[in-house]
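Dear colleague,

I am handing over a structure that you have not worked with before, and below it you will find an account of what came out of looking through it. Please read the text with the structure open beside you.

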Amino acid sequence: MFKINENYLKLPGSYLFSTIGKKVKEYKSANPDREVISLGIGDVTQPLAPAIIDALHGAVDEMSKAETFKGYAPDLGYEFLRKAIVENDYKKRGADISIDEVFISDGAKSDSGNIGDIFGLDNKIAVCDPVYPVYVDTNAMSGRTGEYLPDLQKWSDVIYMPCTASTNFAPELPTETPDIIYLCFPNNPTGSTITKDELQKWVDYANKVGAVIIYDAAYEAYISESNVPHTIYECEGARTCAIELRSFSKNAGFTGTRLGFTVIPMDLKCGDVKLNSLWARRQGTKFNGAPYIVQKAGEAVYSAAGQEQTAKQIAYYMNNAKLIREGLASAGYTVSGGINAPYIWLKTPDKLTSWEFFDLLLNKANVVGTPGSGFGPSGEGYFRLTAFGSYENTLKAIERIKAL
Ligand code: MLT
């Protein structure tokens, strides 16, 4: 008789955004006349930029002719894209990363979940609290997190690093020593970030204790302040302790097109074993590469026109962020984030729980957000709104929330 992976049975409820999607669907079918505005999941709404669309059309045409047709993509990615990444995302920022350290994928969500494959089960992970749920859930699926403790809403074998108003929503170095540290800056869900000097402390710490940092920089394009690092490799010593995850979803609107990459420096080793080689082996075996068409679209993001057009989209979303921040602050809400990130983190009013506020907003304002407690126990009493809606919908949503 076959056996299942029983770790899945330990997972509480469904994936956060699936739970929200289900609740919203139910509300809409019970109230078909209501116009519901979603500022919940961080999904973009602006169409792909013209330079990206042109590249997609060109690549589709190539696929129509035998001379230019492409079959399987190289499983680590086409060199034209890896080269563009190295030049633009790393060399221009003074970070020393080479092409063979970049692995193209179908997005940062898959990579952040899959990266656990190359680590032993007896590693102890440390996560921010609140945190993007994929890091914890995928470690739970592989049996690295112990037992789920419903009263605490925590896993027994995970080190939680509270990110609260008193820490400026940034984590402090843990007292218990972890093996794998997940960091995401600019942060999802709180929209907070840390300076280069602060990130340097994490790199020094990881090198000192022999931990690896999995650094999710999916939101780096939203950084507006000059002392905030765009990549962990701006820090001295990061090549020996950090893996970086990047995405085309938020900087170029690829949430539905799917493209991302992971960087693993050759200097990152466990004894003599390079993590780069393990990931190459894992990807070569389990992944057949992101589609050629999509990788050509990714290359176009780095063209002069692509850079200019995507910068305009980011400015558009950041204008929404400002609207949300200022609109809610003027209505008496306590808000943070939204300066270097497309997320606004607000304290729920009148001591409502995160889910109570979710229900209030859905039922009375017909606005969908994300309950802070869905990201971890320290998120209780908080709520996340995304700036990825259209300007018109964002304006309407804020007016409705103010009128509550
Ligand atoms: C979010 O809303 O947190 C993100 O859109 C989820 C993701 O990027 O997978």
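From which domains does the shell around the ligand draw at least three residues each? Before the answer, please keep in mind that this is a predicted model. The shell takes at least three residues from each of domain 1 (7-47 + 305-402) and domain 2 (52-301).

**The two domains**

The protein is divided into these two parts, domain 1 (7-47 + 305-402) being made of two stretches of the chain and domain 2 (52-301) of one. The C-alpha centres of domain 1 and domain 2 are 24 Å apart, and across the boundary 36 residues of domain 1 are in contact with 46 residues of domain 2.

**The ligand**

Around the ligand you will find Phe17, Ile41, Gly42, Lys109, Tyr132, Asn188, Tyr219, Lys250, Tyr343 and Arg384, a shell that comprises five nonpolar, two polar and three charged residues. Polar side-chain atoms come up to oxygen atoms of the ligand in several places: one of Tyr132 lies at 2.6 Å, one of Arg384 at 2.7 Å, and one of Lys250 at 2.9 Å. Of the 270 Å² of accessible area that the ligand has on its own, the protein covers 85%.

**Two buried residues**

Ile159 belongs to strand 6 (residues 159-162), and because its relative accessible area is 7%, under the 20% limit, Ile159 counts as buried. Leaving aside neighbours within four places in sequence, Ile159 is in contact with Lys124, Ile125, Ala126, Val127, Pro174, Glu176, Thr177 and Pro178. The C-alpha atom of Ile159 is also separated by 9.1 Å from that of Ile181, which is 22 residues away along the chain.

Arg239, by contrast in setting, is placed in the loop between strand 8 (212-216) and strand 9 (242-247), yet with a relative accessibility of 18% Arg239 is buried as well. The side chain of Arg239 makes a polar contact of 2.6 Å with that of Glu101, and, when residues up to four places away in sequence are not counted, Arg239 touches Asp96, Ile97, Glu101, Tyr233, Pro265, Met266, Asp267 and Leu268.

**Backbone points to look at**

Most residues other than glycine have a negative phi, and most peptide bonds are trans, so the following places deserve a look. The peptide bond from Asp129 to Pro130 is cis, with omega near 10 degrees, and Pro130 sits in the loop between strand 3 (125-129) and helix 6 (133-141). Phe185 and Pro186 are likewise joined by a cis peptide bond, with omega of about -10 degrees; the loop that holds Pro186 runs between strand 7 (180-184) and helix 7 (196-209).

As for phi, Asn168 has a positive value of about 60 degrees although it is not a glycine, and Asn366, also a residue other than glycine, has a positive phi near 55 degrees.

With kind regards

Methods
Residues numbered from 1 in each chain as written. Predicted model: local features only at pLDDT ≥ 70, side-chain atom pairs only at ≥ 80, totals over all residues. Heavy atoms only, no water. Helix = DSSP H or I, 4+ residues; strand = E, 2+ residues; numbered from the N terminus. Buried < 20%, exposed > 50% of the residue type's maximum accessible area, 1.4 Å probe, protein only. Contact = heavy atoms within 4.5 Å. Polar contact = N/O pair within 3.5 Å; in protein donor to acceptor, adjacent residues only side chain to side chain. Near = heavy atom within 4 Å. Areas by Shrake-Rupley, 256 points an atom, 1.4 Å probe, with all protein chains shown as cover. Nonpolar A, V, L, I, M, F, W, Y, C, P; charged D, E, K, R; others polar. Domains from an automatic or database assignment.
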